[in-house]
Amino acid sequence: MTEAAQANIGVIGMAVMGSNLARNLASREGNTVAIFNRSPERTRGVVAAHPEAGFVASETIDEFVASLQKPRTAIIMVQAGAGTDAVIDQLTERFEPGDIIVDGGNALFTDTIRREKAVSPTGIHFVGAGISGGEEGALKGPSIMPGGTAESYKTLGPILSSIAAVSEGEPCVTHIGTDGAGHFVKMIHNGIEYADMQLIAEAYDLLRYNAGLTPAEIADVFTEWNKGQLESYLIEITAEVLRQVDATTGKPLVDVILDQAGSKGTGVWTVQNALALGVPVSGIAEAVFARSLSSHPEQREAAAGLPGPANTVAVADRDAFVEDVRQALYASKIVAYSQGFDAIRAGAAEYNWNIDLGAVSRIWRGGCIIRAQFLNRIADAYAAEPNLAALLTAPYFAEAFTEGQEAWRRVVISATQSGLPAPAFSSSLAYYDGLRAKRLPAAVVQGQRDFFGAHTYKRVDAEGTFHTLWSGDRTEISATDSH
Ligand code: NAP
């Protein structure tokens, strides 16, 4: 039985994320943490395993609410979807104006907008907060992306800052924007993560099958890369995965893992929303599609006999090829991040959020899955030019293309010639070439659209809108008035 109002913060949901976040909170000076879980056995288990945390544990939601000091703050870490709605309902029935409900789960941002709308008339603050870093991040310091009102952040900011990862002296948390902004940015974070992972996987494939390196040798290459421009958590852990030997077979573990990649849906959300916003996140989309392609064994088996190139290309100079792949990976990575930040900017415009893109890049430097030195370069780019048209045009990144674009092309050619799929590498290059093109074949598409649907077109040399009378005498008429 809990004594009254001892805790300054509460966590609901004692599965891996919630219990680790609660332990993280409890380890910071000044915090007394209330905990609650739908099934009390789980709460008891957490209390027994972590007596040092001094948790104020409750077995009913009423006890939990009573154990919180006012204004009450509770972080929900339960299964996204119906579970989150159920807990929000329980809390709104019991909380008072000024109290704060934080959803730290992986909610779809439109659900967060809906929930905020439903809760705010009660005077209770509802904050959707994206939390990245997995189990370890929750325990040791995640990257946190809270939305909600600026007022709620006054209370919440110091608490979240105390448990967030720290990068270069700054906590990896910032108030992203109102209502669903935090979950939107977390969604894009995950989309970028998909692209980053796929690009690293393609680099592995090229080094393994075109350059003939073993997984252990590739692990060494990645470890080396991790000391330079590509330094990142994902490169570091990929080296660990590639170095791992399977205890049963003695083979590299990567060779016994079934080559079908799963997903939990945040990559799909990113692409769906980018499509709706008209933002070409092609690198992220290819990464999502690559996972879906891998997970259709029946199609892959049926297509396995289709012809490939007669001769695969032998790499003449291994070291030069490794360096080419490194540069191609870096260039493609810049494209993926540029596309992701474009999506954040478009989302902010659509949903009326005032999002500081530089601050977003800074809070991703630590705690989250895409953490990397590289994010400092993005922060610098937005500090120098907050209204950058496209991140990849920032001087530092433009220089990387000057240095690496020939290598990028050689790598895509090598993959194509040897029949090795490198969808993220090649689509990133196509995006780069598309964006820098002086003329695009979009003019042909507009001509086609005008031909079959009288959709009209604009001219490069005159104001207004035009239509050619394709089925008549093919003269051009002004369509400005009629459209
Ligand atoms: P989870 O497996 O997603 O969810 C299990 C928890 O949800 C349990 O505490 C369960 O309570 C509770 N729950 C489910 N339905 C409920 C309901 N109707 N009412 C009340 N409680 C309910 O847990 P998790 O992996 O720790 O993740 C928690 C949240 O963090 C999720 O939204 C997840 O997407 C997000 N997240 C996870 C990760 C990760 O790496 N795992 C990373 C970032 C974010 P019972 O014990 O009673 O069943």
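## Terms and ground rules

Two strands pair if DSSP finds at least two bridges between them. Helices (H or I, at least four residues) and strands (E, at least two) are DSSP runs, numbered from the N terminus.

This is a predicted model, in which local features need pLDDT of at least 70 and side-chain atom pairs count only at pLDDT 80 or more, while totals for chains, interfaces and linings use all residues. Residues are numbered from 1 along each chain as its sequence is written, and side-chain values use heavy atoms, with hydrogens and water left out.

## The seven-stranded sheet

Let us begin with the sheet. It is open, with mixed pairing, and its seven strands follow the order S3-S2-S1-S4-S5-S6-S7. Strand S3 (56–57) and strand S7 (143–146) stand at the edges; each has a single partner strand, so one side of each is left without a neighbour in the sheet.

Now look at strand S6. Strand S5 (residues 100–103) runs parallel to strand S6 (residues 125–132), and four bridges join them. Isoleucine 101 has phenylalanine 126 in S6 as its bridge partner, and aspartate 103 has glycine 128 in S6. With S7, strand S6 pairs in the antiparallel sense over four bridges; isoleucine 131 has isoleucine 144 in S7 as its bridge partner.

## Inside strand S6

Is S6 mostly covered or exposed? Eight of its eight residues are buried, where buried means under 20% relative accessible area, exposed over 50%, and partly exposed in between (1.4 Å probe, protein chains only).

In a regular strand the side chains alternate between the two faces of the sheet. In S6 both faces are covered: His125, Val127, Ala129 and Ile131 are buried on one side, and Phe126, Gly128, Gly130 and Ser132 are buried on the other.

## The helix H15

Next, find helix H15 (residues 318–351). Since 25 of the 34 residues of H15 are buried, the helix is largely enclosed by the rest of the structure.

Both ends are worth a look. At the start of H15, a side-chain oxygen of aspartate 317 comes within 3.2 Å of the backbone nitrogen of aspartate 319. Asparagine 352, which follows H15, has a positive phi near 60°.

## A threonine in helix H4

Threonine 84 lies in helix H4 (residues 82–94). This threonine is buried, with a relative accessible area of 1%. Its side chain reaches the backbone oxygen of glutamine 79 at 3.1 Å. Such a polar contact is a pair of N or O atoms within 3.5 Å; within protein, one must be able to donate a hydrogen and the other to accept it, and residues adjacent in sequence count only if both atoms are side-chain atoms.

Which peptide bond is cis? The one from lysine 70 to proline 71, with omega near -10°. Proline 71 sits in the loop between helix H3 (61–66) and strand S4 (73–76).

Glutamate 168 is not a glycine, although its phi is positive, about 50°. Its place is the loop between strand S8 (166–167) and strand S9 (170–171), and glutamate 168 is exposed at 54% relative accessible area. Alanine 454 also has a positive phi of about 50° without being a glycine. This alanine is in the loop between helix H20 (442–453) and strand S10 (466–468), and is partly exposed at 32% relative accessibility.

## Two cysteines

A disulfide is a covalent bond between the sulfur atoms of two cysteines. Counting pairs of cysteine sulfur atoms within 2.5 Å gives zero disulfides. For cysteine 172, the closest cysteine sulfur is in cysteine 368, 7.2 Å away, too far for a bond. Cysteine 172 is buried, with a relative accessible area of 0%, and cysteine 368 is buried, with a relative accessible area of 0%.
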